[in-house]
Amino acid sequence: MSRYIWGTQREATLNLREFVKFGGVAAVELSAARLLMSQSQPSMPGMQSAQTPQENSKADFTLRIAPVTVELTPTRILSTIGYNGTSPGPVIRMKEGKPVTVDVINDTDVPELVHWHGLFIPADVDGVEEENTPMVPPHGRIRYQFTPRPAGTRWYHTHTMAGSDLHRGAYTGQFGFLMIESANNPGNYDREVFLALRE
């Protein structure tokens with residue numbers, strides 16, 4: 001470090017060039033190593049990419065994104081986007097550490113995502129646009145495969161950017177409860193109540 005501060009400009013330039021040259025070579029080698037490792041290792045649950053569902057295999061869960069109406073009171077009815085005809089969407093229960101498949105069907109005219117909030121899963125199935133999870137195309141479908149963890153009360157919701165359209169993204173009714181049941185401790189309770197407050 002003192003060489004950069006106290007050395008001549010020529011020394012700093014040479015060191016910067018060397019740094020860029022060796023940094024670029026290291027980045028290429030690291031990328032090549034990752035590519036070779038991903039091609040040589042067998043697929044692991046939770047590490048598979050979102051994919052088009054196979055015709056002959058049934059998913060553990062199916063979520064259909066589509067327009068719904070929500071009756072807040074007999075005189076106040078909202079039109080929004082929800083899951084499986086409701087908002088909030090259905091309660092989904094998964095077992096901690098047990099691999100699952102979820103088919104997401106998008107019956108809207110725009111690309112969509114489903115984010116599994118609070119789970120430790122790879123970015124390609126996490127459902128986050130900022131981390132390049134594949135979008136569910138308009139009037140298309142995708143299958144998510146992952147191993148849910150940790151245990152606890154979570155939720156699933158859209159993670160698409162709304163932009164200036166207040167009928168998309170966080171402004172819709174696209175959310176629901178996700179319960180990850182503990183693999184070791186099922187809990188000691190008499191009754192569960194899932195309560196969603198939305199403003």
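Colleague: Buried means under 20% relative accessible area, exposed means over 50%, and partly exposed is in between. With that in hand, is His 139 buried or exposed?

Modeller: This is a predicted model, and in it His 139 has a relative accessible area of 54%. The cut-off for exposed is over 50%, so His 139 counts as exposed.

Colleague: Thanks! Where is His 139 found?

Modeller: His 139 is in the loop between H3 and E6. Its phi is near 55°, a positive value in a residue other than glycine.

Colleague: And Asn 84, what is its phi?

Modeller: For Asn 84, phi is positive too, at about 55°, although this residue is not a glycine. Asn 84 sits in the loop between E2 and E3. Its relative accessibility is 36%, so Asn 84 is partly exposed.

Colleague: Let's zoom out. How many helices and strands does the protein chain have?

Modeller: There are three helices and eight strands. Starting at the N terminus, the order is α-α-β-β-β-β-β-α-β-β-β. The chain has 199 residues, and 33% of them count as buried.

Colleague: What share of the contacts joins residues at least 24 apart?

Modeller: If you take contacts between residues at least 6 apart in sequence, 68% of them join residues at least 24 apart.

Colleague: Now the inside. Which residues have the most contacts inside the largest nonpolar core?

Modeller: That core has 22 residues, and the ones with the most contacts inside it are Met 94, Val 114, Trp 116, Tyr 144, Phe 146, Tyr 156 and Leu 178. Several strands supply at least two residues each: E1, E2, E3 (89-95), E4 (100-106), E6 (141-146) and E8.

Colleague: Pick one of those. What is Val 114 in contact with?

Modeller: Setting aside neighbours within four places in sequence, Val 114 is in contact with Leu 63, Ile 65, Tyr 83, Val 104, Asp 126, Gly 127, Tyr 144, Tyr 156 and His 157. Tyr 144 and Tyr 156 were also in that list of core residues with the most contacts.

Colleague: Is Ile 142 buried or exposed?

Modeller: Ile 142 is buried, because its relative accessible area is 8%. This residue belongs to strand E6. The C-alpha atom of Ile 142 is 6.8 Å from that of Ile 105, and the two residues are 37 apart along the chain.

Colleague: Which residues does Pro 137 contact?

Modeller: Asn 106 and Ile 142, leaving aside neighbours within four places in sequence. Pro 137 lies in the loop between helix H3 (123-126) and E6. At 36% relative accessible area, Pro 137 is partly exposed.

Colleague: New topic: pockets. How much space lies in the largest pocket?

Modeller: About 460 Å³. The lining has 19 residues, and those nearest the centre are Leu 78, Thr 80, Ser 87, Gly 173 and Arg 198. Two elements give two or more residues to the lining, strand E1 (61-73) and strand E2 (76-83). E2 provides the largest share, four residues.

Colleague: How many lining residues are nonpolar, polar and charged?

Modeller: Eleven are nonpolar, six are polar and two are charged.

Colleague: Back to Thr 80. What does its side chain reach?

Modeller: The side chain of Thr 80 reaches the backbone nitrogen of Gly 173, at 2.9 Å. Thr 80 is in strand E2. Its relative accessible area is 17%, so Thr 80 is buried. Not counting residues up to four places away in sequence, Thr 80 touches Ala 66, Pro 67, Val 68, Val 70, Thr 172 and Gly 173.

Colleague: And Ser 87, what kind of peptide bond joins it to Pro 88?

Modeller: A cis peptide bond, with omega of about 0°. Pro 88 lies in the loop between E2 and E3. Arg 149 and Pro 150 are also joined by a cis peptide bond, with omega of about 0°, and Pro 150 is in the loop between E6 and E7.

Colleague: Last one. Where does Thr 160 lie?

Modeller: In the loop between strand E7 (152-157) and strand E8 (175-181). Thr 160 counts as buried, because its relative accessibility is 6%. Its side chain makes a polar contact of 3.1 Å with the side chain of Thr 158. Beyond neighbours within four places in sequence, Thr 160 has contacts that include Pro 111, Glu 129 and Arg 168.

Note on methods: Residues are numbered from 1 along each chain as its sequence is written. This is a predicted model: local features need pLDDT of at least 70, side-chain atom pairs count only at pLDDT 80 or more; totals for chains, interfaces and linings use all residues. Side-chain values use heavy atoms; hydrogens and water are left out. Buried means under 20% relative accessible area, exposed over 50%, partly exposed in between (1.4 Å probe, protein chains only). A polar contact is a pair of N or O atoms within 3.5 Å; within protein, one must be able to donate a hydrogen and the other to accept it, and residues adjacent in sequence count only if both atoms are side-chain atoms. Contact means heavy atoms within 4.5 Å. On a 1 Å grid over the protein atoms alone, a cavity is a set of points where a 1.4 Å probe fits but cannot get out, and a pocket is an open set with protein on both sides within 12 Å along at least five of seven lines; lining residues have an atom within 4 Å of a point. Grid points are joined across faces, edges and corners, and a volume is the space filled by probe spheres set on the points. Ala, Val, Leu, Ile, Met, Phe, Trp, Tyr, Cys and Pro count as nonpolar, Asp, Glu, Lys and Arg as charged, and the others, Gly among them, as polar. A nonpolar core is a set of buried Ala, Val, Leu, Ile, Met, Phe, Trp, Tyr and Cys residues joined through side-chain atoms within 4.5 Å.
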